Amino acid sequence: MENKDLHGFNIVNYHELIPRNGFVFRFIKKDNDYIHTFVEGSFITDTLTPTAMVVGHTLLDFLPKKQALQKLVYYERAWDGDNVTYEGNIDDVHYVASLNPIEHDGEVVEVIGTAFDITDQKRNEAKIQELEKLSVVGELAAGIAHEIRNPLTSLIGFTQILKERANDDPMQSYLGIMMDELDRINDIIDKFMFIAQPDKTVEIKVYSINSIISNVIESMEKEFALKGISIEFDDDTLIRAECDRSLITKVLQNLIQNALEATEQNSEDIKISLKDISEKHYLIQITDKGSGMTNERLKKIFEPFYTTKEKGTGLGLMINRRIIQLHQGIIDFKSEVGKGTEVKITLPKTLN
Ligand code: ADP
Ligand code: MG
């Protein structure tokens with residue numbers, strides 16, 4: 001037996017149409033508004049928008065205006081009789097939707113929409129893009145870093161000698177600037193060379209993590225003093241663990257440097273702590289009360305070349321994450337604009 005509704009349409013069991021990880025919705029046009037008459041699918045009703053907010057309402061009632069107006073264009077096209085497919089997202093959830101107009105006597109009387117969650121695919125796409133960017137960076141790095149390294153070493157050496165011998169003030173300051181700039185180039189080349197062959201340089205031994213951190217702080221003390229920022233190292237536990245000392249040093253230098261640069265405006269203290277969190281893992285935490293970051297920015301900080309600094313390379317955090325991954329650890333950022341940033345690095349004491 002066929003079920004018909006008031007208008008004589010077949011009654012469809014919409015539950016059967018609901019894709020796993022998706023949802024089905026219907027809308028009609030009434031007084032120039034598109035009113036939803038149905039929505040079903042745990043993907044939307046549990047995670048994004050409760051049914052009650054959708055049914056009986058227009059897009060503008062439950063979506064931010066910009067998103068609603070974008071979708072309205074698709075709704076209009078569907079109401080004109082086209083099958084429409086589009087990608088959308090609500091916050092971090094991405095989906096692909098298709099709108100199918102239902103005609104009765106040559107007139108569209110209703111549109112049925114189905115949507116699938118494609119968040120995972122999107123994430124993979126983003127990852128692949130990042131990897132592609134990385135391999136381009138890697139090739140570039142391998143090609144030019146070595147070539148630049150040798151002449152650069154002589155430039156740095158001879159500039160150093162000139163600086164020692166020059167005895168008038170302006171010359172001293174020019175040569176000082178030259179040294180700083182050459183150091184900067186050297187730093188970039190260092191990073192490029194590391195990206196080109198990150199695995200070959202690893203040398204794992206057991207070290208005192210306390211002293212690795214102390215050494216980094218000591219080496220940066222001058223810069224801290226210059227900026228009037230103090231750094232507090234809280235290490236009540238002694239941790240000995242396997243790692244590559246120079247790589248972990250690199251990570252700490254960049255993270256502390258980032259904290260310092262974020263704190264330049266207000267000169268608030270920076271805190272570092274080292275904790276034993278389990279038999280197998282320890283935690284390094286770097287907390288600043290600096291500029292902080294929006295969520296948008298947080299999503300980008302590990303991308304190669306992402307920087308908000310005039311003189312930044314945008315390679316620091318990308319390399320940091322690689323190094324931490326190489327050590328089978330995790331690096332995590334928490335940040336709030338105007339409040340500051342907290343970086344947590346969890347590492348195993350012994351590596352497999
Ligand atoms: P760079 O320091 O050369 O800019 P990084 O990869 O180290 O490159 O950092 C990327 C970006 O992440 C920075 O430009 C900055 O916008 C942001 N960032 C990193 N650490 C912090 C922090 N502690 N506070 C605020 N912003 C930060
Ligand atoms: Mg940096």
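Trainee: How many polar residues does the shell around ligand 1 have?
Mentor: Keep in mind that this is a predicted model. Split by class, the shell has 6 nonpolar and 3 charged residues. The polar count in that shell is 10.

Trainee: Which residues come nearest to ligand 1?
Mentor: There are 19 residues around ligand 1 to pick from. The ones that come nearest are Thr307, Thr308, Lys309, Thr313 and Leu317.

Trainee: Which helix gives the most to the shell around ligand 1?
Mentor: Two helices, α9 (245-263) and α11 (316-326), each supply at least two residues of that shell. With 4 residues, the one giving the most is α9.

Trainee: What is the distance between an oxygen atom of ligand 1 and an N or O atom in the Thr307 side chain?
Mentor: Let's run through some polar contacts. For Asn258, a polar side-chain atom lies 2.9 Å from a ligand 1 oxygen. Gly316 uses a backbone N or O atom instead, at 3.4 Å from an oxygen of ligand 1. For the Thr307 side chain, the distance to a ligand oxygen is 2.5 Å.

Trainee: And what percentage of ligand 1's exposed area does the protein bury?
Mentor: Start with ligand 1 taken alone, where it exposes 540 Å². Of that area, the protein buries 95%.

Trainee: Where does ligand 1 sit?
Mentor: Look for a pocket with a volume of about 1600 Å³. Its lining counts 49 residues, and Asn254, Gln257, Asn258, Glu261 and Lys309 lie nearest its centre. That's where you'll find ligand 1: in the largest pocket.

Trainee: Which element provides the largest share of that pocket's lining?
Mentor: Several elements each supply at least two lining residues, including α7 (169-196), α8 (209-227), β10 (281-288) and β12 (340-348). The largest share is 10 residues, and it comes from α9.

Trainee: How many charged residues are in the lining of the largest pocket?
Mentor: Divide the lining by class and you get 16 nonpolar and 17 polar residues. The charged ones number 16.

Note on methods. Residues numbered from 1 in each chain as written. Chains lettered and ligands numbered in written order. Predicted model: local features only at pLDDT ≥ 70, side-chain atom pairs only at ≥ 80, totals over all residues. Heavy atoms only, no water. Near = heavy atom within 4 Å. Polar contact = N/O pair within 3.5 Å; in protein donor to acceptor, adjacent residues only side chain to side chain. Areas by Shrake-Rupley, 256 points an atom, 1.4 Å probe, with all protein chains shown as cover. 1 Å grid on protein atoms, 1.4 Å probe; cavity = no way out; pocket = protein on both sides within 12 Å on 5 of 7 lines; lining within 4 Å. Sits in = over half its atoms within 2 Å of the grid points. Nonpolar A, V, L, I, M, F, W, Y, C, P; charged D, E, K, R; others polar. Points joined across faces, edges and corners; volume = space filled by probe spheres on them.
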